[in-house]
Amino acid sequence: MSRSPSFSVKPELSLKPDPELLQQWVVAFCTIRFDLEQGQLIEECYPPGCLTHDEELEVAYSSFPDSVSQHQNRSSIHDCIFFFRFQRQRTAPQGNVSSSEITEVDDKRITSKHTEEKVLQSSKSSIVRDSRYLYGYVFNRQRHDERLKRGGEQKSVVILSHSPYSSVFRPLLQIMGPLYFDVGKKAIEHIAAYVSTWPSPVPGKLMELPIGNAMLKVNLPPAHSLPLEGGIVFEESAASVAPFLPNNQSVPQGLFHDSDLFGTFRGLLLQLWVLWELLLIGEPILVIAPTPPQCCEAVASLVSLIAPLLCSIDFRPYFTIHDPEFRHLNSLKEGDTFPPLVLGVTNLFFLKALRHIPHIVSVGSPAPNSNRVAFASRASSGKVSGRPEGFGLQQLSHKLSPSNLLNVVKLRRDGPLCLMTEHKEAIWSSYAATTKPDTSILNRLIDAGMSPRVEESMSVVNNEILRRHFLELTTNFLSPFGPYFWTTAASEGSSPFADPPSLPPFNADEFLSILSARGVGKFLSKRMRSNWLDLYRRFLKGPNFMPWFQRRRAAAEQEQHRLWRQARMRTDIHQLISKMSELEIVDTFNAIERHLMQEVQLQESGQPAADSAETCQKLKGDLQAVFNVLPKDLQQLLLFNPERAALLQGSPQLTKSPGLPQVEVGVTPSTPTK
């Protein structure tokens, strides 16, 4: 991102916000004040009327740090940036099964039932405004002034969006937050005007977004990582069909690719492989941190850990007791099943309220006194050496020393309630991981020392090392499913007008049996214990498998449809039918007619493909070419259908059908597309 420090509002600027274009990126801008008598109050919401009363309350309660989570910062101003996610209360029809509803593979056999019409419709990019979740990106300012009640005041500026574009909205808040506190609500209209001039978001691409005299250069997460909420559909490329490692490592492969994975879990690096498995199989996790920025960064890092897998579990980067779902979670007793979710909290009350949640992770450290924007726990949360060194065998031996082993035993004995007296980085879980920590990866990580500038640059390097490893780990784990997404192109000499073959059917038991006999491959066999097949069983029954499999399946069907459509455009119809019997020619006529009707229906629905007009012209020519070689009696019989007769109109040759008006039928030149 390039940003000029001289950014300012220009009074002569004539830009006006366009609410419709603004909705491509932002649902609303809100400013919220903490009032001692009335609590959280929304002062401004632009555009007005876009939130329900319940949603306004949800946004207001989620936009301030818990009082118990705040350190004693006596500087005059303290700013922080964090984000939250909450479920909308509107009862709009959903375009995807919710993550909490998918807990096991009920129907183990999955066949290719998508018709060509559905594939055509799903291939179009469309945006439906009523998504199931909203993301709130918060710039919070605490101003300490002994002359005010309770010695200070709090105020938050919030950007609400349908999309998890943290790489866009965090740097935007860096500009918008201070600007609002300088010039007031004019800043909101000014920023809204610039955002409404942005082009439509293109998932997986590097975008340049102007904002005043600044330019945000951001990578958006790829389409296959974005949840299908409320029918939001983006066209997915063929590259995302099969689970292979990407050629370009700079392109993000999942959500929150900019999160500080290394900085957040620096004190728990050995546990990353346990956390990877817990996310993979969709286990409920409670993440607790001292501050909202550290808390939401930890949740975002966990979600990014399983890229390129579509994360279908519910995740809440910053969760408070005011969330409507808290009552249900609080009512769960020992032995009850928690829904698959990742909750990020700062309020220690959750340790008692959700004491039966099976996995608890404590990260971060109480933030030092600072008046700079805190994105996350960028500072080291463990001991820092004065020179660069690895995090591998040397630190492993230190962590396995007798004194540290005693501390681990004490932490387990005391349980997570020990955090009530002192914050510590730890994980409490009875889960036995299948994947072993990769010490070769840990050895490559660098401890940068005390310099914040060097620390930040080294953190970038370490994040790339870790993200590359877990991307490779997840990709290899998903690779056995690759054959179920393989597409088949029309073979040379065969008719591309026939229906393409169905993708291979999937059966969970058969898959596990074949995988057990074949083995998991060299990459995973070196890194997993002998019970690796159990991890696949859990994955198949977990909430992440079915949504991911269906998305990949739909993308594969879309790709196969594209290949066969291209083959029809390249086919020389005269050469093709010259080798056919009369019965095969009749079948070809019916097939071409069906494809042509589908293209016409798409045009009438307002969702045509880019080359739809060219395709219709080619198919009409092919249809008439096949019609002209049919016997005359069959031609006249076919023309009794008015729709078919209309498709065959438009040529100089005249055919008279008994009892019907004259219909022009003839040959329109059909030239195959090169």
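Two strands pair if DSSP finds at least two bridges between them; helices (H or I, at least four residues) and strands (E, at least two) are DSSP runs, numbered from the N terminus. The model is predicted: local features need pLDDT of at least 70, side-chain atom pairs count only at pLDDT 80 or more, and totals for chains, interfaces and linings use all residues. Residues are numbered from 1 along each chain as its sequence is written, and side-chain values use heavy atoms, with hydrogens and water left out.

View 1. Contact means heavy atoms within 4.5 Å. Among contacts in the chain with a separation of 6 or more, 78% are between residues 24 or more positions apart.

**View 2. An open sheet of five strands runs in the order 10-11-9-12-13.** Its pairing is mixed. Strand 10 and strand 13 (426-428) are the edges, each pairing on one side only. From one strand to the next the twist averages 10 degrees; axes are lines fitted to C-alpha atoms (for helices over the stretch in contact), and angles run from 0 to 180 degrees between N-to-C directions. Strand 9 (residues 285-288) and strand 12 (residues 359-362) run parallel and are joined by four bridges. Ile285 has His359 as its bridge partner in strand 12.

**View 3. Helix 8 (residues 292-304) lies across strand 9, strand 10 and strand 11.** The helix runs at about 160 degrees to strand 11 (341-345). Helix 8 is mostly covered, with 13 of its 13 residues buried. The end C-alpha atoms of helix 8 are 18 Å apart, which agrees with the 18 Å that its 13 residues should span at 1.5 Å a residue; the expected span is 1.5 Å times one less than the number of residues.

**View 4. A second open sheet of five strands has the order 2-1-6-5-3.** The pairing here is antiparallel. Strand 2 (39-46) and strand 3 are the edge strands, and each pairs on one side only. The twist from one strand to the next averages 20 degrees. Six bridges join strand 1 (residues 28-35) to strand 6 (residues 152-161), and the two run antiparallel. Cys30 stands opposite Val158 in strand 6. Helix 2 packs on the sheet and touches strand 1, strand 2, strand 3 and strand 6, its direction making about 140 degrees with that of strand 3. Helix 5 (residues 186-195) also packs on the sheet, touching strand 1 and strand 2, and makes about 155 degrees with the direction of strand 1.

**View 5. Asp79 forms a salt bridge with Arg141.** A salt bridge is a side-chain nitrogen of Lys or Arg within 4 Å of a carboxyl oxygen of Asp or Glu. In this pair the closest N and O atoms are 2.8 Å apart. The pair links distant parts of the chain, with Asp79 in strand 3 (residues 77-87) and Arg141 in strand 5 (residues 133-144), 62 residues apart. Asp79 is buried at a relative accessible area of 6%, and Arg141 is buried at 16%. A search of the whole structure finds 16 salt bridges.

**View 6. Arg85, Asp314, Arg316, Asp323 and Glu325 are linked in a network of salt bridges.** Asp314 pairs with Arg85, the closest N and O atoms being 2.8 Å apart. These two residues are in distant parts of the chain, Asp314 in strand 10 (residues 314-316) and Arg85 in strand 3, 229 residues apart. Asp314 counts as buried at 8% relative accessibility, and Arg85 is buried with a relative accessible area of 4%. Asp314 also forms a salt bridge with Arg316, where the closest N and O atoms are 3.1 Å apart. Arg316 is buried, as is Asp314.

**View 7. Glu58 is buried yet has no salt bridge.** This residue lies in helix 2 (residues 53-62). The nearest side chain of opposite charge, Arg316, is 5.1 Å from Glu58; Lys and Arg count as positive and Asp and Glu as negative, while His and the chain ends are not counted. Leaving aside neighbours within four places in sequence, Glu58 is in contact with Phe86, His322, Asp323 and Pro324.

**View 8. Strand 7 (residues 206-211) and strand 8 are joined by six bridges and run antiparallel.** Glu208 stands opposite Lys217 in strand 8. The hairpin of strand 7 and strand 8 has two residues between the strands, and Gly212 takes a positive phi near 65 degrees. Ala214, Leu216 and Val218 form the covered face of strand 8 (residues 214-219), and Met215, Lys217 and Asn219 the uncovered one. In a regular strand the side chains alternate between the two faces of the sheet.

Notes. Buried means under 20% relative accessible area, exposed over 50%, partly exposed in between (1.4 Å probe, protein chains only).
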